[in-house]
Amino acid sequence: MFRKRKTSSGNVSATDTFIGEGTIVEGKIVTTASLRIEGSVVGDIECSGDVTIGEKGIVRSIIAARSVFNAGTIEGSVIAKSKLTITSKGRVLGNINAGSLHVSEGAVFKGECAMEAPRGGELRPAKEKEPRHGKEKGQDGNAKQASA
């Protein structure tokens, strides 16, 4: 009647955990594989894989995952190491920290967003193309002549 499903312990691309419509989960969820939510979750989520929230899914928590795909409602912060996608029916009411962000037309986002540089990359301020009034200030604060 029940078969043992073969899984590899390091495969984080498989959706091993499914929370169906009509199901309410309260408490912290920690998983190494991916997670799909069609029901309701109240509590923090820590996922090494991807988190997918379906159109009827409602999540009230802080989500930390590799990638998050949202077609439902998230009330809380999202930390996506790789990518956060918010579909046209998705809603995020909270802060976002993601490597990349895709927001479809019609999506709702209310909060603050911080983008992280990809690994190996570094965020640097843009250099001024032209010095002001022909002089720049050196590291010591004294004026120095700008080079052409």
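## Overall make-up

The model is predicted. Its chain has 148 residues, of which 31% count as buried. The secondary structure comes to 17 strands and zero helices. The accessible surface of the chain is about 10400 Å². Carbon and sulfur atoms hold 49% of that surface. Among contacts between residues at least 6 apart in sequence, 3% join residues at least 24 apart.

## An open sheet

Six strands form an open sheet with parallel pairing. Their order is β2-β5-β8-β10-β12-β14. Which strands stand at the edges? They are β2 (24–26) and β14 (108–110). Each has a single partner strand, so one side of each is left without a neighbour in the sheet. Neighbouring strands of this sheet are turned by 5° against each other on average, direction ignored.

β12 and β14 run parallel and are joined by three bridges. Leu93 stands opposite Lys110, a residue of β14.

## Salt bridges

The chain has six salt bridges.

| Salt bridge | N to O distance |
|---|---|
| Arg36 and Glu38 | 2.7 Å |
| Glu75 and Arg60 | 3.0 Å |
| Lys89 and Glu55 | 3.8 Å |

Take Arg36 and Glu38. Is each buried or exposed, or partly exposed? Arg36 has a relative accessible area of 31%, so this residue is partly exposed. Glu38 has a relative accessible area of 15%, so this residue is buried. The cut-off for buried is under 20%.

Glu75 counts as partly exposed at 32% relative accessibility. Arg60 also counts as partly exposed, at 39%.

Lys89 and Glu55 form another salt bridge. Where do these two residues sit? Lys89 is in the loop between β11 (78–86) and β12 (91–93). Glu55 is in the loop between β7 (50–53) and β8 (58–60). The pair links distant parts of the chain, 34 residues apart. Lys89 and Glu55 are both exposed.

## A buried threonine

Strand β11 contains Thr85. At 13% relative accessibility, Thr85 is under the 20% cut-off and so counts as buried. What does Thr85 touch, leaving out residues up to four places away in sequence? Its contacts are Val68, Phe69, Asn70 and His102.

## A nonpolar patch

The surface also carries a nonpolar patch. Leu101, Val103 and Met115 form this patch. Together they have about 220 Å² of accessible area. Met115 lies in strand β15 (residues 113–115). With a relative accessible area of 40%, Met115 is partly exposed.

## In brief

This predicted chain has 17 strands and zero helices.

Terms used: Residues numbered from 1 in each chain as written. Predicted model: local features only at pLDDT ≥ 70, side-chain atom pairs only at ≥ 80, totals over all residues. Heavy atoms only, no water. Salt bridge = Lys/Arg side-chain N within 4 Å of Asp/Glu carboxyl O. Buried < 20%, exposed > 50% of the residue type's maximum accessible area, 1.4 Å probe, protein only. Helix = DSSP H or I, 4+ residues; strand = E, 2+ residues; numbered from the N terminus. Patch = residues over 30% accessible without salt bridge, like charges linked within 9 Å, V, L, I, M, F, W, Y side chains within 5 Å. Areas by Shrake-Rupley, 256 points an atom, 1.4 Å probe, with all protein chains shown as cover. Contact = heavy atoms within 4.5 Å. Pairing = 2+ DSSP bridges. Axes fitted to C-alpha atoms, helices over the stretch in contact; angles between N-to-C directions.
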